[in-house]
Amino acid sequence: MSKVDLIGWGRPPRIVRHNLRVVFQQSEASVMSMINVTLPDGTINEYAEGITCAEVITDALGRKHGCLAAFVDGVEKDMSTKLSSSCSVEGILSVSEEGIHILRHSAAHLLAQAVTELYPGALPTIGPAIERGFYYDFKMDPITEADLKAIQKKMQFLAKQNAVVERIELNEEDLKSHFEHNPYKMEIINDKLEDGAGSTIYKQGEWYDLCLGPHVPNLSRLMFVKLTSVSSAYWRGDQEREQLVRIYGLVEPTKDALQSTLKNIEEAKKRDHRKLGKDLQLFHIDEEVGQGLILWTPRGSIIRQELQDFISFHLRRQGYSQVFTPHVGKLDLYRTSGHFPYYQESQYPPLVEKDLMKKLADEGCSCSELANLMKSGDIDGYMLKPMNCPHHVKIYSSQARSYRDLPLRLAEFGTVYRWEQSGEISGMTRVRGFTQDDAHLFVTEEQIAEEVLGCIELVQIIFNKLGMTDYRVRVGLRDPDSDKYVGQPEAWDKAEDACRSAAQSLGVEWTEEEGEAAFYGPKIDFVVRDVIGREWQLGTVQVDYNLPERFDLSYKGNDGEMHRPVMIHRAPFGSMERFVGVLIEHFAGKFPTWLTPTQCHIITISEKHKQYAQEVADLLKEKEIRVLVDDGDDTIGKKIRTHRKMQPAYMVILGEGEAENRTVSLRARNGDQVSDLPLDQFIEDLMTEISNKESQPCLVPSQPQSED
Ligand SMILES: [Zn+2]
Ligand SMILES: [Zn+2]
């Protein structure tokens with residue numbers, strides 16, 4: 001069949017819409033083969049073979065379609081892709097997840113073009129799209145942040161020139177001749193390409209790069225770029241290889257989107273829990289104690305304790321039993337549970353008993369022999385616990401259980417230890433020791449649905465109380481094509497249904513994801529979106545058929561027979577460390593009154609009001625309200641500036657009038673004020689606010705103009 005070049009036809013060669021009859025003249029039809037293109041709304045259009053995605057989309061949506069690439073039978077393709085057989089076509093908008101990715105990826109190419117034009121000796125290596133933007137690594141002399149401005153300017157200049165981005169297929173020989181000058185690209189070609197295979201390059205103007213695409217159709221799509229930082233990296237992440245210059249950047253489809261992204265990044269910096277945690281004295285990490293090990297300071301401990309008290313109240317209400325278990329367990333326990341030796345890399349190394357250690361040393365046992373003996377189970381030792389589950393299992397099996405004992409719900413704020421690589425450790429969110437708000441429910445199969453529902457109710461109560469109303473739920477199900485799962489398929493069906501209907505009952509956005517279940521059971525994950533649009537994976541609920549099997553757990557049913565219980569693991573906060581880290585950023589350090597470490601900072605206007613200040617403080621303390629008094633000599637302005645840094649819920653300002661009339665003046669975090677509140681009324685209102693766990697301080701009415 002001869003190919004008909006459609007470029008220059010002006011209008012795409014639409015033949016007949018909706019019905020598939022060809023109404024071409026006989027002579028034309030004979031040179032042109034027709035294909036059926038299915039559009040997202042189900043419409044089927046017939047076109048001449050060789051039509052491009054761009055032409056199909058323009059035909060369907062008009063010239064202002066805003067798409068920068070297309071799915072052809074679900075696969076991402078360039079707009080210029082010619083269609084050679086019947087298929088489905090769907091445009092990819094620049095604002096979609098795939099669209100943004102293509103935009104970022106294309107911007108990385110533009111960056112490489114700009115750098116090589118400005119620094120002729122620079123060799124581009126790799127440049128991927130990443131979560132927030134893109135980067136490109138170059139072999140070149142070091143540059144500084146000050147140099148980024150010129151590179152960015154060059155990128156914008158090139159974008160304005162609006163070169164067409166062209167995909168070119170090359171055979172192996174041509175490909176290699178294009179990249180002879182660049183040993184990094186040659187290494188990729190030699191590593192990735194099978195012998196004799198060709199690949200594609202993308203060309204914009206005279207510049208080209210090795211790539212599989214897809215790309216934006218032309219460079220004007222990349223006007224809204226911003227280079228953000230420069231750092232160094234090793235070729236292929238290998239410290240033994242060459243050091244490279246890495247340039248990071250952002251790109252968005254519109255000016256407004258770029259501005260709002262930049263604003264969010266600024267806001268995220270301000271909210272960074274590592275900075276705020278230090279400023280507000282909430283936690284400390286000390287190299288001498290160890291990386292990734294959190295020291296909860298008195299102020300941070302208040303927040304954690306309040307959260308634990310809050311959740312404990314709901315656990316009691318839901319019929320949980322509190323337990324405590326040690327921080328270590330024998331290796332045998334984890335051999336049975338399966339956590340050792342399989343997950344050794346993510347754990348602290350085991351501890352060996354003193355006498356045994358001495359004996360082995362006397363026998364001249366080497367470190368690697370010791371490790372092998374442990375792995376094979378020939379010697380025993382202890383491990384810092386990576387999970388609380390095996391300990392709770394042992395509490396279950398410490399007694400003969402009957403169906404009357406079930407569901408048995410064991411809860412513990414249990415501290416566990418995991419070996420994160422030092423590069424991965426960050427503040428409170430990636431740590432090596434953390435406390436899970438953990439619980440294990442031992443249930444009959446019939447009880448799974450109700451108990452899963454109870455677990456997610458708890459998550460919902462917590463999220464609602466903390467004003468984290470923007471969250472979604474992921475239900476992880478089996479991969480239908482895999483047989484790696486333990487437990488009976490019928491049991492799985494039921495458990496998966498239970499998870500689905502529990503998720504459904506929340507009334508929030510939820511998705512089910514095949515293949516995302518653990519091998520031991522389906523699960524529900526909660527993903528919270530914070531005020532600046534970042535997503536945090538927090539709580540989880542998991543059904544488990546595996547551990548009861550491994551530990552041979554049983555209960556006597558009302559039929560008199562022995563049955564296997566099912567376990568549910570759940571941790572609504574996930575870990576206290578991570579959760580508080582997220583909360584610090586969520587509230588930007590401005591906690592609701594019930595969580596604020598020092599709720600009231602009492603500030604005197606002068607020396608004369610010392611006594612009244614003490615009296616107010618005592619009355620508040622009597623009601624278990626957390627108070628700090630500043631009756632020092634500083635001016636009131638200076639005191640306010642000092643204290644607002646610690647973000648109390650209220651500054652209570654006491655002067656002449658207040659002392660005389662037994663009133664208080666309150667200053668809110670945003671600078672709004674209210675004066676002459678009767679003291680008794682204030683204390684009563686404050687107690688109500690705290691016991692209601694209001695999501696923000698509300699005793700000072702907001703005023704139209706405030707400081708910040
Ligand atoms: Zn590319
Ligand atoms: Zn568990």
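Biologist: How many helices and strands are there in the protein chain?

Modeller: The protein chain has 21 helices and 32 strands. Helices (H or I, at least four residues) and strands (E, at least two) are DSSP runs, numbered from the N terminus. This is a predicted model, in which local features need pLDDT of at least 70 and side-chain atom pairs count only at pLDDT 80 or more, while totals for chains, interfaces and linings use all residues. Residues are numbered from 1 along each chain as its sequence is written, chains are lettered from A and ligands numbered from 1 in the order in which they are written, and side-chain values use heavy atoms, with hydrogens and water left out.

Biologist: What is the span of the C-alpha trace along its principal axes, and what percentage of the residues count as buried?

Modeller: The trace spans about 100 × 75 × 65 Å. Of the 708 residues, 49% count as buried; the word means under 20% relative accessible area, whereas exposed means over 50% and partly exposed lies in between (1.4 Å probe, protein chains only).

Biologist: Why is Gly 515 called partly exposed?

Modeller: Gly 515 has a relative accessible area of 27%. Gly 515 sits in the loop between β22 (510-514) and β23 (523-529).

Biologist: Which residues does Gly 515 touch, apart from those up to four places away in sequence?

Modeller: Gly 515 touches Leu 477, Arg 478, Asp 479 and Tyr 485, where contact means heavy atoms within 4.5 Å. The C-alpha atoms of Gly 515 and Arg 478 are separated by 4.7 Å, although these residues are 37 residues apart along the chain.

Biologist: What makes strand β30 largely enclosed by the rest of the structure?

Modeller: In β30 (residues 650-654), 5 of the 5 residues are buried, so the strand is largely enclosed. Tyr 650, Val 652 and Leu 654 lie on one side, Met 651 and Ile 653 on the other, and both faces are covered. In a regular strand the side chains alternate between the two faces of the sheet.

Biologist: How do you know that β28 and β30 pair?

Modeller: Two strands pair if DSSP finds at least two bridges between them. Strand β28 (residues 600-604) and β30 are joined by 5 bridges in the parallel sense, so they meet the definition. Ile 602 stands opposite Val 652 in β30. Strand β31 (residues 663-667) runs antiparallel to β30 and is joined to β30 by 3 bridges; Ser 665 in β31 is the bridge partner of Ile 653.

Biologist: Why do β9 and β11 stand at the edges of their sheet?

Modeller: The open sheet has 3 strands in the order β9-β10-β11, with antiparallel pairing. β9 (165-170) and β11 (207-210) each have a single partner strand, so one side of each is left without a neighbour in the sheet. Strand β10 (residues 199-204) pairs with β11 over 4 bridges, and Lys 203 has Tyr 208 in β11 as its bridge partner.
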